[in-house]
Amino acid sequence: MRNKLLMLLALLGLLACVPNFAQANAKDEKVMKSFEKELRALQQAFFASDDLEKRIEVQKQMQQLFTTTLKQLSDETRPVMEVSVKVVLPLQQQAAEFMDLAAKFSSSGQGDPATIKERGDIAPRIATLEELERRNAALLAEISTMNERLGHALDAGKITGKQRAGFLAGFNETTGRSLGPMKAIRTLDGQIFAEMKRLYRLLDEHWGKWKYEDEDFVWQDSEAEKACLEIQTSLGTLLERESAAEAELSKRTQVP
């Protein structure tokens, strides 16, 4: 359990909102083919690693890919890609900040009860979990309103009817089909954070009546032991469900 906590986090770097440029000129088509190839490679690299630091670096590369591609497109095509950038990059940045906090929480050992040395170690962990919950909820809200915000961005941009239709077709082929598992992952992360808080509060409440050895808790209080086992079982179930959601996202989040 301890080595699995907080390993399956923050897949928002995979948002791609790739426009369909059916009417684009040859140069723009070449630029977009290169963009899609590089994006696919970054997506594969993202899923190939469980290391949060690696995933953060891949996400930064995705952000740079969007901005670099935007500069290479013609004036005719650029407004369509600008809609994607307007919707995706702020959310990617928000996700990157969340991932950074989650990575620090994990790498510092705060997600591992075995690293608790004194009672004062517990309160800062609960505070970080509450901040992770807040940021995670904000990300979930952003994902849930993606379609609405995309519509507003298209309305505000100088997008022709054909361009709008092409953009929405590309969106539905990429990010649109991935929103379901993304919402599931964010929901499950929130539940994981809540269960971890429950565990730390239980440890704090019964300080001096437990110890951690051989990768498990040894309790002096039977009721507290029962509550601890319940939380551990819940965390195990949530992590399994999140693994399944990530596997589904891996299938859906691909550039055709």
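**Notes on the helix pairs and the hairpin**

1. Let's start with the α3–α4 contact: from α3, Leu91, Gln94, Ala95, Glu97, Phe98, Leu101, Ala102 and Phe105 touch Arg125, Thr128, Leu129, Glu131, Leu132, Arg135, Asn136, Ala138, Leu139 and Glu142 of α4. Contact here means heavy atoms within 4.5 Å. By class, the residues of this contact split into 10 nonpolar, 3 polar and 5 charged. For those classes, Ala, Val, Leu, Ile, Met, Phe, Trp, Tyr, Cys and Pro count as nonpolar, Asp, Glu, Lys and Arg as charged, and the others, Gly among them, as polar.

2. Before going on, a word on the model: it is predicted, with local features needing pLDDT of at least 70 and side-chain atom pairs counting only at pLDDT 80 or more, while totals for chains, interfaces and linings use all residues. Numbering runs from 1 along each chain as its sequence is written, and side-chain values use heavy atoms, with hydrogens and water left out.

3. Back to that pair. The axes of α3 (residues 78–107) and α4 (residues 122–144) come within 10 Å and cross at roughly 160°; axes are lines fitted to C-alpha atoms, for helices over the stretch in contact, and angles run from 0 to 180 degrees between N-to-C directions. The two helices are therefore roughly antiparallel (an angle over 145 degrees). Their crossing is left-handed, that is, the near helix is turned anticlockwise from the far one by less than a right angle.

4. Which residues does threonine 128 touch, leaving aside its neighbours within four places in sequence? They are Leu101, Phe105 and Gln110. Threonine 128 sits in helix α4 and counts as buried because its relative accessibility is 17% (buried means under 20% relative accessible area, with a 1.4 Å probe and protein chains only).

5. Now for α7 (residues 179–205) and α8 (residues 222–252): their axes come within 9 Å and cross at roughly 160°. That makes α7 roughly antiparallel to α8. The contact of α7 with α8 has 18 nonpolar, 2 polar and 9 charged residues, and the crossing is left-handed.

6. Strands β1 (residues 210–213) and β2 (residues 216–219) pair in the antiparallel sense over 4 bridges; pairing takes at least two DSSP bridges. Tyrosine 212 stands opposite phenylalanine 217 in β2. The hairpin has 2 residues between the strands, and aspartate 214 takes a positive phi near 50°.

7. Overall, the protein has 8 helices and 2 strands, counted as DSSP runs (H or I, at least four residues, for helices; E, at least two, for strands). Of its 256 residues, 48% count as buried.

Definitions and conventions
Angles under 35 degrees count as roughly parallel, over 145 as roughly antiparallel, 65 to 115 as roughly perpendicular and the rest as oblique. Buried means under 20% relative accessible area, exposed over 50%, partly exposed in between (1.4 Å probe, protein chains only).
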